[in-house]
Amino acid sequence: MSAPDWPRHAGPAAPTLADLDARVTECRACPRLVEWREKVAREKRAAFRDWEYWGRPVPGLGPPDARLLVVGLAPAAHGGNRTGRIFTGDHSGDVLYAAMHAVGLTNQPTAVHRDDGLRLIGTRITAPVKCAPPENKPTPTERDTCRPWLDAEIELVRRSLRAVVVLGGFGWQALLPVLADHGWTIPRPRPRFGHGAHVELASVRPGGSLHLFGSYHVSQQNTFTGKLTPAMLEEVLAAAARAARL
Ligand code: SF4
C-alpha cells in the first residue's frame, strides 16, 4: 500500500471500513502533525519509555454497522498516539470508556492497549483529526485536510447511523458540514454546541433521521475541574443510545 498524500487522499475510495482504517494509518498529508506525532513517539514520556509508540494516524474504532457515533477532537500525544487506538491509554479515555460501559456501549470499562479485549457495542468512535496535534490544537487547515477521511468514514457507516454524540465544540464545528454533505439537513440558524444540546436532523437521502447530541469534551481540563462529571456524560450517552435504539 502506498502512502496517501494530499490531495491524493481526498475522497479515499475504500470499499470497507476496515480498509479505510488501514489506509488512514499511512497518511502523511499534514507536515506539522507528521513531525509532531513522530517526535513524541521518539522522545516518549518517561512513564512510557518502555513502550513502542504508535506515532501514526489513529483510525476510528467500532463496527461498520454502528448506530451511534462518538466524535472527539484528535488523538492525545501519549494516549492514542502511543497505543494506536483512539482514546486508549490516557485519562480522557478512562472517563469516556467508563461512562460508555456504564450505559451498555462497551463490554468493559477500561482501555489500556490495543489488545485489551475492548469491544464497542453498536457504536463507533472517531475524530475529525486523526493525528495528535501540539497542545491538542489542530489548525483549521489540518482539520480541512483530514476531512476526506471523516467524509469517507461517515459514508461507510451512514446506512445504519441513527445518533451522534460530539465531544466538544471543535468536533461540532467540524462535523456539521460533513453531515450536511451526507444528506442530513442542518437547521438554520445552525444548532449551537453546548453540553446536552440535542437536535434531530432530517435526512434527504434514503435512511433515517439523525439525532445529534453535544457533550463537553472528556479532556482533563473539563473532568478535573468538574465541568464534566461522569454522571453528566452518562446522561448524554444514555439519551443517544436510546435515540439510536441500542
Ligand atoms: S491529520 Fe489526517 S490528513 Fe493530516 S496527516 Fe493525519 S491522517 Fe493525514
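The axes of helix α1 (residues 17-24) and helix α5 come within 10 Å and cross at roughly 165 degrees. Axes here are lines fitted to C-alpha atoms, for helices over the stretch in contact, and angles run from 0 to 180 degrees between N-to-C directions. Helices (H or I, at least four residues) and strands (E, at least two) are DSSP runs, numbered from the N terminus. Angles under 35 degrees count as roughly parallel, over 145 as roughly antiparallel, 65 to 115 as roughly perpendicular and the rest as oblique; α1 and α5 are therefore roughly antiparallel to each other. Their crossing is left-handed, a term used if the near helix is turned anticlockwise from the far one by less than a right angle, with right-handed used if clockwise. On the α1 side, the contact is made by Leu17, Leu20 and Val24, and on the α5 side by Trp149, Ala152, Glu153, Leu156 and Val157. Two residues are in contact if their C-beta atoms, placed from the backbone, lie within 7 Å. By class, this contact has seven nonpolar, no polar and one charged residues, where Ala, Val, Leu, Ile, Met, Phe, Trp, Tyr, Cys and Pro count as nonpolar, Asp, Glu, Lys and Arg as charged, and the others, Gly among them, as polar.

The model is predicted: local features need pLDDT of at least 70, side-chain atom pairs count only at pLDDT 80 or more, and totals for chains, interfaces and linings use all residues. Residues are numbered from 1 along each chain as its sequence is written.

Ala14 sits in the segment before α1 and touches Asp19, Leu20, Arg23 and Ala152, leaving aside residues up to four places away in sequence. Ala14 and Pro148 are 134 residues apart in sequence, with their C-alpha atoms 11 Å apart in space. A residue is buried if 20 or more other C-beta atoms lie within 10 Å of its own, exposed if 12 or fewer, and partly exposed in between, with C-beta atoms placed from the backbone. Ala14 has 18 C-beta neighbours inside 10 Å and therefore counts as partly exposed. Ala18, in helix α1, has 12 such neighbours inside 10 Å and so counts as exposed. Cys30 belongs to the loop between α1 and α2 (31-43) and is buried, because 23 other C-beta atoms lie within 10 Å. Beyond residues up to four places away in sequence, Cys30 touches Cys131, Glu142 and Thr145. Thr145 is 115 residues from Cys30 in sequence, yet the two C-alpha atoms are 7.3 Å apart.

The largest nonpolar core has 68 residues, of which Val164, Val165, Leu237 and Ala240 touch the most other members. Helix α5 (residues 140-157) supplies the largest share of this core, seven residues. Such a core is a set of buried Ala, Val, Leu, Ile, Met, Phe, Trp, Tyr and Cys residues joined through C-beta atoms within 7 Å. Leu237 touches Ala99, Met100, Val103, Leu105 and Val165, not counting residues up to four places away in sequence.

Which backbone features call for a closer look? Most residues other than glycine have a negative phi, and most peptide bonds are trans. Phe87, in the loop between α3 (80-83) and α4, has a positive phi of about 55 degrees although it is not a glycine. Glu135, in the loop between β2 (123-126) and α5, likewise has a positive phi, near 55 degrees. Phe87 is buried, because 27 other C-beta atoms lie within 10 Å, whereas Glu135 is exposed, with 7. The peptide bond from Arg188 to Pro189 is cis, with omega near 0 degrees; Pro189 lies in the loop between α6 (169-181) and β4 (198-201).
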